[in-house]
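Colleague: Could you walk me through how to read a few features of a model? I would like the general idea and then the case at hand.

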Amino acid sequence: MAKTLELKSGTSWSDAWQRCLAVAPEAFRDDRVLNLWGGEWRADGRALSATSPVDGGPIAGPPRLDAVAAHRAVRASLDQHRAWRHIPLPERRARVAATLDALAQHRELLALLLVWEIGKPWRLATADVDRAIDGVRWYVDGIDNMLGERTPLAGPVSNIASWNYPMSVLVHAVLVQALAGNAVIAKTPTDGGVSCLTLACALAAREGVPVTLVSGSGGQLSEALVRAPEIGCVSFVGGRDTGAAVATAVADLGKRHILEQEGLNAWGIWNFSDWERLTAVIPKLFDYGKQRCTAYPRFVVQRDAFDDFLAAYLPAVRTLRVGHPLAVEGPEDPYPVLDFGPLINAAKAKELTDQITEAIDRGAVPLHRSTPDPDRFLPGQDTSAYVHPVTLLGPPSSSPLHHAEPFGPVDTIVLVDTEAELLAAMNASNGALVATLSTDDEATFARLAPQIRAFKVGHGVPRSRGDRDELFGGFGGSWRGAFVGGELLVRAVTDGPDSPGGERLPGNFPEYQLMP
């Protein structure tokens with residue numbers, strides 16, 4: 001008999017919205033969020049309707065500016081930048097530290113907004129908030145040594161990021177960039193996170209941090225946020241199609257840039273026998289439904305080991321828990337323990353489901369297809385944004401699942417017979433952020449790992465984006481511009497004393513490649 005679930009007490013979208021109105025009334029008005037530029041919250045732009053991926057219910061949408069308003073916002077940010085760059089470092093540090101205290105005070109509300117806006121389970125939503133706060137505190141404590149004699153850029157830093165990590169990627173970057181002496185501009189992702197980002201920016205603006213937050217389509221805002229002469233650096237996190245256009249623009253202009261783009265991260269299996277270890281890690285690889293730039297959607301498996309691989313893999317993938325992130329048996333019950341909830345929206349869920357169907361029609365073999373567990377959803381709930389785990393063997397070369405990152409809970413398996421085939425299959429997307437090779441022999445790993453075109457290669461363990469002083473970048477089509485992490489993140493948004501405006505930083509440049 002199916003359980004009858006209900007929404008956890010005090011966690012409805014209406015509850016979250018009323019708390020936003022109470023905490024930051026300057027940034028939230030009636031049923032819409034505002035844009036922040038020129039130091040003022042403005043009810044400009046066309047507010048779009050939006051729905052939550054959790055249950056299809058209405059939530060606040062982005063107030064989209066046009067190109068003219070975006071250029072005004074950029075010019076206003078330059079004025080802020082010219083003043084902020086002369087604020088003494090101790091004062092900048094104090095204001096950013098005060099912002100972190102305010103974010104920590106409202107941690108639960110920020111996390112609840114992430115649940116409703118982008119479908120993160122509570123565990124992952126709170127982790128996103130905590131990583132942002134803890135990560136920036138590390139920079140606050142060490143900024144003196146990282147900066148040295150370095151100075152802010154000539155203009156503000158423009159941030160365009162995907163929707164999946166509003167706090168630990170976008171807010172984290174914005175606050176570190178401001179700490180280094182720059183005014184900052186953030187574009188709200190079109191697909192979600194606008195209310196969480198609005199609250200975070202409201203708390204920062206109250207402390208005098210020069211942040212601009214605007215919404216709009218890429219077509220309308222790219223000229224201002226990427227090409228405008230006022231912009232000192234462009235930081236982009238997203239897909240390769242959009243990233244390619246941004247990369248072309250910044251290259252033509254000689255503008256400082258950090259462009260993190262998708263890649264098909266692969267996990268290779270070659271002469272391997274520690275299957276219990278693999279079984280233990282499989283569920284963790286499905287965190288947030290693999291909607292992460294460091295997810296592993298591709299397994300490249302030695303044909304002779306395929307039966308052992310399946311015996312280790314299938315029991316693990318069958319344990320995955322998918323459901324409504326706030327559905328409980330009693331109103332005071334703890335948050336449900338899930339591996340993931342919905343995808344970002346119903347359109348993405350349909351696109352991915354269609355790709356799965358097409359791949360099977362063209363010859364892929366379905367090895368595993370999960371079915372929904374009604375005990376993890378509310379009665380009558382809209383579940384159109386949910387996709388349950390799928391594993392396909394041999395995706396056809398004509399399928400997007402063969403060569404591109406699905407950004408959803410779909411694993412594809414490719415069988416190989418030689419080391420050359422292993423490397424070719426792991427390098428299918430011309431560059432990736434991370435990869436892993438599981439092999440028993442240290443010498444084999446040492447020989448093959450350098451030939452895998454990923455920035456971080458793990459030996460039997462997953463790699464991640466990393467925090468604090470761990471260097472992060474990519475190879476090939478997955479990265480352009482300066483590498484970041486610790487001191488290099490600060491260097492990416494500042495000028496050296498001997499080469500203001502013309503410094504060539506460690507990064508993915510043809511003439512200067514920094515190896516991990």
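Colleague: Thanks! Is Cys293 buried or exposed?

Modeller: Keep in mind that this is a predicted model. Burial is read from relative accessibility, with buried meaning under 20%. Cys293 has 17% relative accessibility, so it counts as buried. Cys196 is buried too, at 0%.

Colleague: How many disulfides does the structure hold?

Modeller: The test is a pair of cysteine sulfur atoms within 2.5 Å. The structure holds 0 disulfides. For Cys196, the closest cysteine sulfur belongs to Cys20 and lies 8.8 Å away, which is too far for a bond. For Cys293, the closest one is in Cys196, at 18 Å, again too far for a bond.

Colleague: On to the sheet. In what order do its strands run?

Modeller: Strands of a sheet pair through backbone hydrogen bonds, either parallel or antiparallel. Here 7 strands form an open sheet with mixed pairing, ordered E19-E20-E21-E17-E16-E22-E23. E19 (365–369) and E23 (454–459) are the edge strands; each has a single partner, so one side of each lacks a neighbour in the sheet. From one strand to the next, the twist averages 20°.

Colleague: In which sense do E17 and E21 pair?

Modeller: E17 (298–302) and E21 (410–416) pair in the parallel sense over 5 bridges. Val300 has Val414 in E21 as its bridge partner.

Colleague: And which helix lies across E19, E20 and E21?

Modeller: That is H12 (346–361), running at about 30° to E20. H14 (419–426) also packs on the sheet, touching E16, E17, E21 and E22, and its direction makes about 165° with that of E16.

Key
Residues are numbered from 1 along each chain as its sequence is written. This is a predicted model: local features need pLDDT of at least 70, side-chain atom pairs count only at pLDDT 80 or more; totals for chains, interfaces and linings use all residues. Side-chain values use heavy atoms; hydrogens and water are left out. Two strands pair if DSSP finds at least two bridges between them. Helices (H or I, at least four residues) and strands (E, at least two) are DSSP runs, numbered from the N terminus. Axes are lines fitted to C-alpha atoms, for helices over the stretch in contact, and angles run from 0 to 180 degrees between N-to-C directions. Contact means heavy atoms within 4.5 Å. Buried means under 20% relative accessible area, exposed over 50%, partly exposed in between (1.4 Å probe, protein chains only).
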